[in-house]
Amino acid sequence: MSDDLSLNTSESDGSEVLPQTKQNLLVLLGPTAVGKTALSIELAQALDAEIISGDSMLIYRGFDIGAAKPTMEERKGVPHHLIDVHEPFERYSVQDFQQEAAACIADIASRGKLPFLVGGTGLYVQALVEGYAFNETSGNAAYRAKLQQLAETQGAGALFTMLETVDPKAAQTVDAKNTRRIIRALEVAHGGKESISRAKADEPPYRAFVVGLTRPRAELYERINQRVLLMIEQGLVREVQGLLARGVSRDAQPMQGIGYKETAAYLAGEYSLEEAVDTIQKATRHFAKRQLTWYRRMPYIHWYDATLPQERILSKILNDVRGFFASR
């Protein structure tokens with residue numbers, strides 16, 4: 001497989017340079033708590049792959065329990081990239097992710113390994129796989145990326161509330177459920193310019209096989225509820241206390257993540273612990289629903305039932321992945 005994974009050019013007669021071969025890229029996505037981590041390790045071991053995190057929270061140092069960051073033990077020696085690479089006070093956008101992930105892919109492929117993107121941040125994955133180009137100024141692009149991420153984590157309602165505050169007249173003319181129109185209106189209010197052009201590349205930048213994991217809604221929600229309880233048992237409150245003690249502001253980008261903002265509110269006396277847990281569970285369930293909605297925009301995803309025995313899922317995916325790369 002290593003020959004397929006490298007990005008090479010060759011010359012037929014000393015003058016004609018053949019087109020570059022696209023790099024292979026395996027992608028695993030799915031809603032939070034669906035079971036990506038354990039499966040990703042088995043796939044990586046079987047395919048001689050290195051994992052690139054596609055999760056917008058895992059990049060931050062110190063955000064471990066609430067972000068469900070895989071421990072070193074869980075990683076089982078499989079190299080992971082884009083985890084613990086930024087401080088909590090740093091701003092991070094989808095463009096930053098595109099650049100850093102592309103560099104990781106090139107590096108991994110150059111060493112004959114398979115780049116393997118694993119994550120649940122739909123905007124990040126889609127922007128990388130489809131080669132999105134953000135053509136406005138960096139400031140506006142960063143603002144749009146922030147709005148996109150807010151839409152994914154908190155829904156259109158949060159954006160619409162922002163619009164009602166900054167431009168009540170515009171809010172009266174926009175459908176409260178139309179995320180795209182709300183974002184455009186917020187961009188205009190923010191900078192007085194046209195909305196950012198977010199265009200797909202003419203050709204996808206990678207030869208990507210995208211695996212999606214799914215579970216029945218009721219089972220997924222129960223797994224989410226249990227995961228939140230486990231996070232509390234593992235010390236989420238202590239983790240947030242430590243972050244605040246280090247000077248991480250409640251307004252910092254990663255502190256707006258689900259689990260962190262509610263726990264910070266509990267520590268500030270705004271919630272009881274029971275209320276915080278319930279709010280985290282509810283917000284995470286809503287987030288999973290929005291993730292699935294986002295993934296419906298990606299018709300190239302190959303879906304697999306995560307309720308099947310792990311050995312069966314692994315065997316089927318491995319067969320499909322190997323067949324896909326061998327045929328191209």
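This is a predicted model: local features need pLDDT of at least 70, side-chain atom pairs count only at pLDDT 80 or more; totals for chains, interfaces and linings use all residues.

Me: At what angle do α11 and α12 pack?

Reply: About 80 degrees, with the axes 10 Å apart. Here α11 covers residues 236-245 and α12 covers residues 260-267. Angles of 65 to 115 degrees count as roughly perpendicular, so α11 is roughly perpendicular to α12.

Me: And α2 with α14, how do those axes cross?

Reply: At roughly 45 degrees, and the axes come within 11 Å. That makes α2 and α14 oblique to each other. The crossing is right-handed.

Me: Which residues make that contact?

Reply: From α2 it's A38, L39, E42, L43, A46 and L47. From α14 it's Q310, I313, L314, I317, L318, V321 and R322. Sorted by class, the contact of α2 with α14 has ten nonpolar, one polar and two charged residues.

Me: Switching to the sheet. What's the strand order?

Reply: The order is β3-β2-β4-β1-β7-β8, an open sheet of six strands with parallel pairing.

Me: Which strands stand at the edges?

Reply: β3 (80-81) and β8 (302-305). Each has a single partner strand, so one side of each is left without a neighbour in the sheet.

Me: What packs on that sheet?

Reply: One of the helices there is α4, which touches β1, β2, β3 and β4. The direction of α4 makes about 175 degrees with that of β2. Then there's α14 (residues 310-326), which lies across β1, β4, β7 and β8 and runs at about 160 degrees to β7.

Me: Let's zoom in on β2. How many of its residues are buried?

Reply: Five of its five residues, so the strand counts as mostly covered.

Me: Which ones sit on which side?

Reply: A49, I51 and S53 are on one side, with E50 and I52 on the other, and all are buried, which leaves both faces of β2 covered. As background, side chains in a regular strand alternate between the two faces of the sheet.

Me: How many bridges does β2 make with β4?

Reply: Five bridges join β2 to β4, and the two run parallel.

Me: What about β1 and β4, how many bridges do they pair over?

Reply: Three, with β1 at residues 24-29 and β4 at residues 114-118, also in the parallel sense. In that stretch V27 stands opposite L117 in β4.

Me: Last one: Q95. Where does it sit, and is it buried or exposed?

Reply: Q95 is in helix α4, residues 94-110. The relative accessible area of Q95 is 17%, and buried means under 20%, so Q95 counts as buried.

Me: How far is Q95 from Y124 in space?

Reply: 8.5 Å, C-alpha to C-alpha, while the two are 29 residues apart in sequence.

Methods. Residues are numbered from 1 along each chain as its sequence is written. Side-chain values use heavy atoms; hydrogens and water are left out. Helices (H or I, at least four residues) and strands (E, at least two) are DSSP runs, numbered from the N terminus. Buried means under 20% relative accessible area, exposed over 50%, partly exposed in between (1.4 Å probe, protein chains only). Two strands pair if DSSP finds at least two bridges between them. Contact means heavy atoms within 4.5 Å. Axes are lines fitted to C-alpha atoms, for helices over the stretch in contact, and angles run from 0 to 180 degrees between N-to-C directions. Angles under 35 degrees count as roughly parallel, over 145 as roughly antiparallel, 65 to 115 as roughly perpendicular and the rest as oblique. A crossing is left-handed if the near helix is turned anticlockwise from the far one by less than a right angle, and right-handed if clockwise. Ala, Val, Leu, Ile, Met, Phe, Trp, Tyr, Cys and Pro count as nonpolar, Asp, Glu, Lys and Arg as charged, and the others, Gly among them, as polar.
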